[in-house]
Amino acid sequence: MAKGYWVSVYPAISDPERLTAYNKLAGPAVRAAGGRTLSRGGRVVAHEAGITQRVVLIEFDSLEQAVAAYESEAYQKALVALPDGVERDFRIIEGID
């Protein structure tokens, strides 16, 4: 079965302290739903468009599990804490089997 992934790219973060508050809620919600953080804001070597924004990559055992984690009550509570000053491109994608 193909794994599922959350991919988040943050083009703009105007309030890093409030992003930390979101992370404190989101981390436990993701782990409780079976997610494993593979990368979170580490170093980026950019090519092509040269964009070096913060990237977060989270792995789940399946696409269905990834979708269910996003829709979970715990993660929805974390989303409420995501500050207005954070611009995020978020996707749930299916891996290759």
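Student: Ser-8 lies in strand β1. What makes β1 a strand?

Tutor: Helices (H or I, at least four residues) and strands (E, at least two) are DSSP runs, numbered from the N terminus. The structure is a predicted model: local features need pLDDT of at least 70, side-chain atom pairs count only at pLDDT 80 or more, and totals for chains, interfaces and linings use all residues. Residues are numbered from 1 along each chain as its sequence is written, and side-chain values use heavy atoms, with hydrogens and water left out.

Student: Why does Ser-8 count as buried?

Tutor: Buried means under 20% relative accessible area, exposed means over 50%, and partly exposed lies in between (1.4 Å probe, protein chains only). Ser-8 has 4% relative accessibility, so it counts as buried.

Student: Which residues are in contact with Ser-8, leaving aside its neighbours within four places in sequence?

Tutor: Contact means heavy atoms within 4.5 Å. On that test Ser-8 meets Arg-54, Val-55, Val-56, Arg-88, Asp-89 and Phe-90. Arg-88 is in strand β4 (residues 86-94), and Phe-90 is also found in strand β4.

Student: Which contacts does Phe-90 have, leaving aside neighbours within four places in sequence?

Tutor: Trp-6, Val-7, Ser-8 and Tyr-70. His-47 is 43 residues from Phe-90 along the chain, and their C-alpha atoms are separated by 21 Å.

Student: And what does Arg-88 touch, not counting residues up to four places away in sequence?

Tutor: The list is Ser-8, Val-9, Tyr-10, Pro-11, Tyr-22, Tyr-70, Tyr-75, Leu-79 and Leu-82. Arg-88 and Met-1 are 87 residues apart in sequence and 28 Å apart in space, C-alpha to C-alpha.

Student: Back to β1, where Tyr-5 is found. Is Tyr-5 buried or exposed, and how do you know?

Tutor: Buried, because its relative accessible area is 18%, and the cut-off for buried is under 20%. Tyr-5 touches Leu-38, Leu-57, Ile-58, Glu-59, Ala-66, Arg-91, Ile-92, Ile-93 and Gly-95, again not counting residues up to four places away in sequence. Its C-alpha is 21 Å from that of Val-80, 75 residues away along the chain.

Student: Now Ala-32, found in helix α1. Why does Ala-32 count as exposed?

Tutor: Its relative accessibility is 72%, so Ala-32 counts as exposed. Ala-32 and Ala-69 are 37 residues apart in sequence and 8.5 Å apart in space, C-alpha to C-alpha.

Student: How do you know whether Glu-48 is buried or exposed?

Tutor: Its relative accessible area is 84%, so Glu-48 is exposed. Glu-48 lies in the loop between β2 (36-40) and β3. Its phi is positive, about 60°, although Glu-48 is not a glycine.

Student: What makes a set of residues a nonpolar core?

Tutor: The members must be buried Ala, Val, Leu, Ile, Met, Phe, Trp, Tyr and Cys residues, joined through side-chain atoms within 4.5 Å. The largest such core has 18 residues, and Trp-6, Tyr-22, Phe-60 and Tyr-75 touch the most other members. At least two core residues come from each of β1 (4-13), α1 (16-32), β3 (54-60), α2 (63-71) and α3 (73-81). The largest share, five residues, is that of α1.

Student: Which residues are in contact with Tyr-75, leaving aside neighbours within four places in sequence?

Tutor: Trp-6, Tyr-22, Ala-26, Ala-29, Val-30, Ala-69, Tyr-70 and Arg-88.

Student: How many helices and strands are in the protein chain?

Tutor: Three helices and four strands. From the N terminus on, they run β-α-β-β-α-α-β.

Student: What makes the protein chain as compact as a globular protein of that length?

Tutor: The radius of gyration is taken over C-alpha atoms, and the globule rule is 2.2 Å times the number of residues to the power 0.38. The rule gives 13 Å for 97 residues, and the radius of gyration is 13 Å, so the chain is as compact as a globular protein of that length. The C-alpha trace spans about 35 × 35 × 15 Å along its principal axes.

Student: What percentage of the 97 residues count as buried?

Tutor: 30%. Among contacts between residues at least 6 apart in sequence, 78% join residues at least 24 apart.
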